[in-house]
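Morning, everyone. Let me walk you through one model, starting at the surface and ending with the whole chain.

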Amino acid sequence: MNLANLLKIALKALNNNKMRCLLTMLGIIIGVASVITMLAIGQGSKNSIKAQISEMGSNMIMIHPGNMQRGGVRQSADDMQTLKIEDYEALRDKTSYVEAVSPQVSSSGQFINGNNNYPSSVYGVTPEYLDIRKVKVQDGNMFTEQDIKSAAKVCLLGKTVIDNLFPNGEDPVGKVVRFNKIPFTVIGTLEPKGSNSMGMDQDDVVLAPYTTVMKRILAIDYLQSIFCSALSEDLSDQATDEITEILRSNHKLKDDADDDFEIRSQQELSEMMNSTSDMMTVLLACIAGISLLVGGIGIMNIMYVSVTERTREIGLRMSIGARGIDILSQFLIEAIIISVTGGVIGVIVGALASWLVNLIAHWPVYIQVYSVVLSFVVCTVTGVFFGWYPAKKAANLDPIEAIRYE
């Protein structure tokens, strides 16, 4: 019996039991749709994290004072004063894998403009900080090296601060705002960036020369942190090693002494968040895959019922010359048709569900080709695997016993 005849017989048998066939497909449809939707949500989240980390500076390296012991007591990083201006200058002048370097000191307080006030933080940095953090000036200008040397009382405001200090929409450039009791002239505004992947408002920021914050606000002679950017994300490890060597030399640390500073790169953060995202995606896909397993069991169950109902038909076919392989193929084709058709509908439902998730919940989604291909492969394998045993049972029936079956 050729394939065309077997296919025709299988389709006729399925057509005779439309509702049962549809209900059998339902498990496959739900399973495939769930897998595609879960993978789309997971990949969308991963892409969103990558994009936001890239906006923050994917090649950024952060240096902070490290924990160390004094008199047997471990000191916290907040109490350490190990980073100096000399460290910043050494990194600026001696590194070969670092593209830009900026010191950072910060202070929190109340910004005041007339009757409007807003609690925020002022960050003391250099102009290179803009390139490191992928920040751009929207209006006005960045402060200059001369402003840094003279510790000028100038600043640039982020959008969140502007909205709270200038609620009527007036241009803040040229205006004077007070930080606590210190007047600052606004010389520029920053382009809005929104919240990052950790939910922090990147526009709630005020930038000023680091010398101004150190001398006029904090009255300190050390740095709270240093920000760098490697020449590329791939060179972050080499840049980190180079920074470590320079700082250890500057701090005159012995070979067996621990570092009195800590270095963190965006690459480490990216790898950690991607690993977490991948783990969650796999977990979600596995949970959704249970529906496929249930759907496969449904196929096996319905094929068993079909074999039992059509035992006499099988006996008649075999008695007039149908071979065991023909009977096996007939029932196997039925199982594959059910699973593949359910898979096609499941892909459509999964794509629609992903679109609705993005539309209603505003979650980032991204459907990859491999998830659709994987769904079809799993559907086919499910149909063959769960349809094989009932089909084999039908093929092994004794024709005489099958004809006598009531």
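Start with charge. Six residues, Glu 233, Asp 234, Asp 237, Asp 241, Glu 245 and Glu 271, gather on the surface as a patch of negative charge. Keep in mind that this is a predicted model.

Which helix gives the most to the negative patch? Helix 8, residues 236-250, with three residues. Take Glu 245, which has its place in helix 8. Is Glu 245 buried or exposed? Its relative accessible area is 59%. Exposed means over 50%, so Glu 245 counts as exposed.

Now the nonpolar side. Met 19, Leu 22, Leu 23, Leu 26 and Ile 30 make up a nonpolar patch on the surface. Together they have about 490 Å² of accessible area. Look at Leu 26 here. Leu 26 sits in helix 2, which covers residues 18-57. Its relative accessibility is 41%. That value lies between the 20% and 50% cut-offs, so Leu 26 is partly exposed.

Step back to the whole chain. How many helices and strands does the chain have? There are 13 helices and twelve strands. Of the 406 residues, 46% count as buried.

Last, overall dimensions. The chain has a radius of gyration of 34 Å, whereas a compact globule of 406 residues would have one near 22 Å. Along the principal axes, the C-alpha trace spans about 105 × 60 × 35 Å.

To recap the surface: a negative patch with helix 8 as the top contributor, and a nonpolar patch that includes Leu 26.

Conventions. Residues numbered from 1 in each chain as written. Predicted model: local features only at pLDDT ≥ 70, side-chain atom pairs only at ≥ 80, totals over all residues. Heavy atoms only, no water. Patch = residues over 30% accessible without salt bridge, like charges linked within 9 Å, V, L, I, M, F, W, Y side chains within 5 Å. Areas by Shrake-Rupley, 256 points an atom, 1.4 Å probe, with all protein chains shown as cover. Salt bridge = Lys/Arg side-chain N within 4 Å of Asp/Glu carboxyl O. Lys, Arg positive; Asp, Glu negative; His and termini not counted. Charge placed at Lys NZ, Arg CZ, Asp CG, Glu CD. Helix = DSSP H or I, 4+ residues; strand = E, 2+ residues; numbered from the N terminus. Buried < 20%, exposed > 50% of the residue type's maximum accessible area, 1.4 Å probe, protein only. Rg over C-alpha atoms; globule rule 2.2 N^0.38 Å.
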